[in-house]
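Subject: Structure handover

Hi,

Here is the structure I promised to pass on. Please open it alongside this note.

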Amino acid sequence: MTSLALINEFLGQPPNASEHGYQIDHILEFCHWFMGTLFIGWSLFFIFVLIRFRKGRHPAADHAGVRSGISTHLEFSVVLIEAVLLLGFAIPLWAKRVNEFPPTKDAIVVHAVGQQFNWNFHLPGPDGQFGRRDVRFVTNSNPLGLDPNDPAGKDDIVTLGELHVPVDRVVIVELSSKDVIHNFCLPHMRIAGDAIPGSLIPMWFKPIRAGSYEVVCGQLCGLGHYGMKGTLVVDTPEDYQAWLKERAELSGTQNAPAPGRQPPGGAPATEKPAAQPENKPAAPPTSPSPSGE
Ligand SMILES: [Cu+2]
């Protein structure tokens, strides 16, 4: 399926790194070829009509119009192809993404919280339980408002701008936002989802290639939107365990670890400033974290 990358590549689509991505690429590729063919076909037809029905040849209008059925057949074929694309490919693929979530016990579950203009990531730590979050506890050093009195949150891992996941494991990202609507977009994983204040919106993907990938905000969210980028590092299982261990040790020494540290064995990532703008969210940041994952 990688040989499909012709128009996609030409239009700047980055190489796919997720399990389901080739299906998205397949539809994009087909749609681009189909639309290109239609564009050329209709353009040629338009030019033909301009010449064929010019005033010099037809001084008086012909009110009977077209007598052949070719155009009807052509238009019906276009409608048919579009219906097959929509009903046969696009809707089933979408339904699969949103309805058929893999079981959380086999997945890496992560919370991604958008804020102007950064991505925060919250991992449950060794106990597998997300600590409670409350807007009352939000400070510069505790950007997600982790409750210091909740034992489940003691080992939680919070990072700014950089998320590590292991390769070949399903990742479920639960999205929310501290201020305005953002969009958590992973172009290489062919997936994106809105991050909305007060909501917890899940999305999932399975990375199949280790490497360092861009996380962007896909929703115009303010003046600094252009800079709202992060890094998704897809590690080998060994590197991932080493990173988890390092972060767990860090979270044992401080409640919310300073962001932007270079992980061992991780791919290079942009250093993010530790200081964040003081953000008093207008809405509660998220609903309480779901437990038991
Ligand atoms: Cu944003």
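Below is what was found in it, from the overall layout down to single residues.

First, the ground rules. This is a predicted model: local features need pLDDT of at least 70, side-chain atom pairs count only at pLDDT 80 or more, and totals for chains, interfaces and linings use all residues. Residues are numbered from 1 along each chain as its sequence is written.

**Overall layout**

The chain has four helices and ten strands. Helices here are DSSP runs of H or I with at least four residues, strands are runs of E with at least two, and both are numbered from the N terminus. The order from the N terminus is α-α-α-β-β-β-β-β-β-β-β-β-β-α. Of the 293 residues, 30% count as buried. Buried means 20 or more other C-beta atoms within 10 Å of the residue's own; exposed means 12 or fewer, partly exposed is in between, and C-beta atoms are placed from the backbone. Among contacts between residues at least 6 apart in sequence, 68% join residues at least 24 apart. A contact needs C-beta atoms, placed from the backbone, within 7 Å.

**The helix pair**

Look at α2 (residues 21-52) and α3 (residues 70-99). Their axes come within 11 Å and cross at roughly 165°. That makes α2 roughly antiparallel to α3. Axes are lines fitted to C-alpha atoms, for helices over the stretch in contact, and angles run from 0 to 180 degrees between N-to-C directions. Angles over 145 degrees count as roughly antiparallel. The crossing of α2 past α3 is left-handed, a term for the near helix being turned anticlockwise from the far one by less than a right angle. On the α2 side, Q23, I27, C31, F34 and L38 take part in the meeting. Their counterparts in α3 are V78, I81, L85, F89, A90 and L93.

**The strands**

Five strands form an open sheet in the order β3-β2-β1-β5-β8, with mixed pairing. Two strands pair if DSSP finds at least two bridges between them. β3 (157-160) and β8 (201-205) are the edge strands, each pairing on one side only. On average, neighbouring strands of this sheet are turned by 25° against each other, direction ignored. Within the sheet, β2 (residues 118-123) runs antiparallel to β3, joined by four bridges. There, F121 stands opposite T159.

β4 (residues 162-166) pairs with β10 (residues 229-235) in the parallel sense, over five bridges. P166 stands opposite D235 in that pair. β4 is mostly covered, with four of its five residues buried. β10 also pairs with β9, this time antiparallel and over six bridges. β9 (residues 211-217) in turn runs antiparallel to β6 (residues 182-186), with two bridges.

**The core**

The largest nonpolar core has 30 residues, and V110, A112, V171, V173 and L232 touch the most other members. Strand β1 (residues 108-115) gives the most to this core, with five residues. A nonpolar core is a set of buried Ala, Val, Leu, Ile, Met, Phe, Trp, Tyr and Cys residues joined through C-beta atoms within 7 Å. Leaving out residues up to four places away in sequence, V110 touches F121, L123, L163, V171 and V173.

**Single residues to check**

Most residues other than glycine have a negative phi, and most peptide bonds are trans.

- F117 is in the loop between β1 and β2.
- D168 sits in the loop between β4 and β5 (171-177). With 13 other C-beta atoms within 10 Å, D168 is partly exposed.
- R190 is in the loop between β6 and β7 (191-195). With 21 other C-beta atoms within 10 Å, R190 is buried.

Last, E238 in helix α4 (residues 237-253). E238 counts as exposed because it has 10 C-beta neighbours inside 10 Å. E238 and P166 are 72 residues apart in sequence, yet 8.6 Å apart in space, C-alpha to C-alpha.

Best wishes

Definitions and conventions:
Contact = placed C-beta atoms within 7 Å. Parallel < 35°, antiparallel > 145°, perpendicular 65-115°, else oblique.
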